[in-house]
Amino acid sequence: MTNDDFTAKLMNDMDPRLLDFVKVRVNTFIKWDLVRFFHENPHTADSVENIAKYAGRNPIAVKPELDELVEAGVMQKQTIGGIPVYRLVDDKEMRRLIGEFIAACEDRHFRVKAVYHIIRGMR
Amino acid sequence: MERVRTGIQRLDDMLRGGFLPQSANLVEGAPGTGKSTLGMQFIYNGITLYNEPGLIVTFEEFPQQYYRDAASFGWDFKALEDQGKLRVIMTSPEVSKQDLESVGGMIETMVAEMGVRRILVDSLSHFERIAEDSYELRDIQYKFINALKREGLTSILTRESFALFGQSDDAEDGIAFLVDSYILLRYVEIDSAVRKALLVLKLRGSEHDKDIRQYEITPTGIEVQAKFKGREGIMSGSPRMAGAFEDAFVKKGPKG
């Protein structure tokens, strides 16, 4: 087994649901920030510009991330009076999964693994 | 007439039983005077004492902060959300304005699904950023207030005052004319200490207490206390002893 294989095996050692969540849905640091924000403030519903303010990020960077979270089934988007408004999906299972992910992030080892997968995915 | 009680006893007494149903009630004060606390207490008491579900709409403070602040008073907002009796919604003035103007919008849906009767909007001051001028601001606020009433909600709307003591800001929006009641929260200096004063300035369609009362933010929420005695000029921020002028310049008879 090569070092890379060993590292990959180590970093894949987590709940498969959370591994899929990190690799497929929350696969950038901005998405991680956004998911954490919406988990802590679950009934937030707002425009890209305001969500970017809440996250302390640039709206140009945040918009594509929000749209990808919508595609991934984590967020939903609706137009209210001509304004695209984003909020968390109502689906209880997804909200539960988000909660499990945020709780898992309290563990440093999990965070290291999550960071590894995000950086690998950015290559 | 049935009143919507705040559950803060002396405040309800000042309001002669509480707010009028489906009314818009302005609470204005400087930072730290307890506007949000009073609003949260109104919502919490509404749920726990009077079985009236509530909404909190915040335009700046994160809901997370509300959960923490409420917990410090022993109010479990998270549990109430889990029970479907409360929602703390973070949004912006522009989105909430459009939402209330839309048919079947988020707030309208929540009101219908949860049976919401009370709402805290914190704070109305943020509407200033979406208005070009004071006329447009008044128009926006007028529509917003009407939309809340349309949904059958009794609301507390907070407004920020930058004046820590004394005279309130020179507000041009005319919101005081639009609301059904107007409660002022003020800092006052008495005997080299800062205290808090509450006054019901207006209660449309009803008699109300004219006293200026001291209040405190206690570990269990806002407590309204007795009126300030022996002082005048309370709302100036620097009250003086009542009758001091008279004692000094009137009661003294001619010398000799």
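Author: Gladly, with the reminder that this is a predicted model. For 123 residues, a compact globule would have a radius of gyration near 14 Å, and chain A has 15 Å, which agrees. The C-alpha atoms of chain A fill a box of roughly 55 × 30 × 20 Å along the principal axes, and 29% of the 123 residues in chain A are buried.

Reader: What makes up chain A in terms of helices and strands, and in what order do they run?

Author: Chain A holds seven helices and two strands, and from the N terminus on the elements follow the pattern α-α-α-α-α-β-β-α-α. Among the contacts in chain A between residues at least 6 apart in sequence, 57% join residues at least 24 apart.

Reader: Why is α4(A) called roughly perpendicular to α5(A)?

Author: The axes of helix α4 (residues 48–55) of chain A and helix α5 (residues 59–71) of chain A come within 9 Å and cross at roughly 105 degrees. Angles of 65 to 115 degrees count as roughly perpendicular, and therefore α4(A) is described as roughly perpendicular to α5(A). On the side of α4(A), the contact is made by Val48(A), Glu49(A), Ile51(A), Ala52(A) and Ala55(A), while α5(A) contributes Pro59(A), Val62(A), Lys63(A) and Leu66(A).

Reader: How many residues does each chain bring to the contact between chain A and chain B?

Author: The contact takes twelve residues from chain A and 17 residues from chain B. The side of chain A that touches chain B consists of four nonpolar, six polar and two charged residues.

Reader: What makes β3 and β9 of chain B edge strands?

Author: They belong to an open sheet of nine strands with mixed pairing, in the order β3-β2-β4-β5-β1-β6-β7-β8-β9 (chain B). In that sheet, β3 (86–90) and β9 (221–227) of chain B each pair on one side only, and are the edge strands. From one strand to the next, the twist averages 25 degrees.

Reader: How do you know that β2 and β3 of chain B pair?

Author: Two strands pair if at least two bridges are found between them, and five bridges join strand β2 (residues 54–58) of chain B to β3(B), the two running parallel. As an example, Ile56(B) has Val88(B) as its bridge partner in β3(B).

Definitions and conventions. Residues numbered from 1 in each chain as written. Chains lettered and ligands numbered in written order. Predicted model: local features only at pLDDT ≥ 70, side-chain atom pairs only at ≥ 80, totals over all residues. Axes fitted to C-alpha atoms, helices over the stretch in contact; angles between N-to-C directions. Helix = DSSP H or I, 4+ residues; strand = E, 2+ residues; numbered from the N terminus. Parallel < 35°, antiparallel > 145°, perpendicular 65-115°, else oblique. Contact = placed C-beta atoms within 7 Å. Nonpolar A, V, L, I, M, F, W, Y, C, P; charged D, E, K, R; others polar. Rg over C-alpha atoms; globule rule 2.2 N^0.38 Å. Buried ≥ 20, exposed ≤ 12 C-beta atoms within 10 Å, placed from the backbone.
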